[in-house]
Amino acid sequence: MAQDNHQQPALRVYLWVWLWLFVLSVFSYLVDVSGLEGFPKWSLITLFMLLKAGLIMAVFMHLVWERLALISVVLIPPGVLLFLMVLMLLEGQHVLSSRLLSFWQ
């Protein structure tokens with residue numbers, strides 16, 4: 001019978017992640033009810049949201065243990081979006097320069 005070399009992380013890893021998700025959620029709630037307004041409030045809530053998303057992706061999607069999954073899920077989509085943003089920036093600069101050129105003529 002063939003043995004599977006896939007390693008399952010220990011249960012305590014999942015329990016620690018659940019605990020940290022709970023703690024980060026409590027911090028996010030406390031920021032919401034603390035009376036902060038504007039940029040500090042939304043930057044802290046966004047920070048806690050990104051930390052929770054990172055924990056979920058790293059542990060529950062097994063990105064910590066699989067390098068190919070990390071590359072294909074975390075690095076490639078932002079790279080494609082960055083490439084498309086550069087293309088839109090170039091097109092926008094071209095449109096702006098052509099409109100300004102026609103305006104001055």
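In which helix does Phe-39 lie? Phe-39 lies in helix α2, and the model in which it is shown is predicted.

**View 1. Phe-39 of helix α2.** Phe-39 is part of α2. With a relative accessible area of 70%, Phe-39 is exposed, because exposed means over 50%. Phe-39 and Met-57 are 18 residues apart along the chain, and their C-alpha atoms are separated by 26 Å.

**View 2. Packing of helices α1 and α2.** Helix α1 covers residues 11–33 and helix α2 covers residues 39–60. The two helices pack at an angle of about 165°, and their axes are 9 Å apart. The pair is therefore roughly antiparallel, since angles over 145 degrees count as such. The crossing in which α1 passes α2 is left-handed. On the α1 side, the residues making the contact include Val-13, Tyr-14, Trp-18, Trp-20, Leu-24 and Phe-27. On the α2 side, they include Leu-44, Phe-48, Leu-51, Leu-55, Ile-56 and Val-59. By class, the residues of this contact comprise 17 nonpolar, 2 polar and 3 charged.

**View 3. Length and buried residues of helix α1.** The 23 residues of α1 should span 33 Å at 1.5 Å a residue. Buried residues in α1 are Tyr-14, Val-17, Leu-21, Leu-24, Ser-28 and Val-31. Helix α2 is included in what covers them. Just after α1, Gly-35 has a positive phi of about 100°.

**View 4. Ser-28 of helix α1.** Ser-28 lies in α1 and belongs to the contact with α2. Its relative accessibility is 15%, so Ser-28 counts as buried, the limit being under 20%. Leaving aside neighbours within four places in sequence, Ser-28 is in contact with Ile-45 and Phe-48. Both Ile-45 and Phe-48 are listed among the α2 residues of the helix contact.

**View 5. Lys-41 of helix α2.** Lys-41 is placed in α2 and is one of the α2 residues in the contact with α1. At 10% relative accessibility, Lys-41 counts as buried. Apart from neighbours within four places in sequence, Lys-41 is in contact with Val-31, Asp-32 and Leu-36. Of these, Val-31 and Asp-32 are α1 residues of the helix contact, and Val-31 is also buried.

How values were computed
Residues are numbered from 1 along each chain as its sequence is written. This is a predicted model: local features need pLDDT of at least 70, side-chain atom pairs count only at pLDDT 80 or more; totals for chains, interfaces and linings use all residues. Side-chain values use heavy atoms; hydrogens and water are left out. Axes are lines fitted to C-alpha atoms, for helices over the stretch in contact, and angles run from 0 to 180 degrees between N-to-C directions. Helices (H or I, at least four residues) and strands (E, at least two) are DSSP runs, numbered from the N terminus. Angles under 35 degrees count as roughly parallel, over 145 as roughly antiparallel, 65 to 115 as roughly perpendicular and the rest as oblique. A crossing is left-handed if the near helix is turned anticlockwise from the far one by less than a right angle, and right-handed if clockwise. Contact means heavy atoms within 4.5 Å. Ala, Val, Leu, Ile, Met, Phe, Trp, Tyr, Cys and Pro count as nonpolar, Asp, Glu, Lys and Arg as charged, and the others, Gly among them, as polar. The expected span of a helix is 1.5 Å times one less than its number of residues. Buried means under 20% relative accessible area, exposed over 50%, partly exposed in between (1.4 Å probe, protein chains only).
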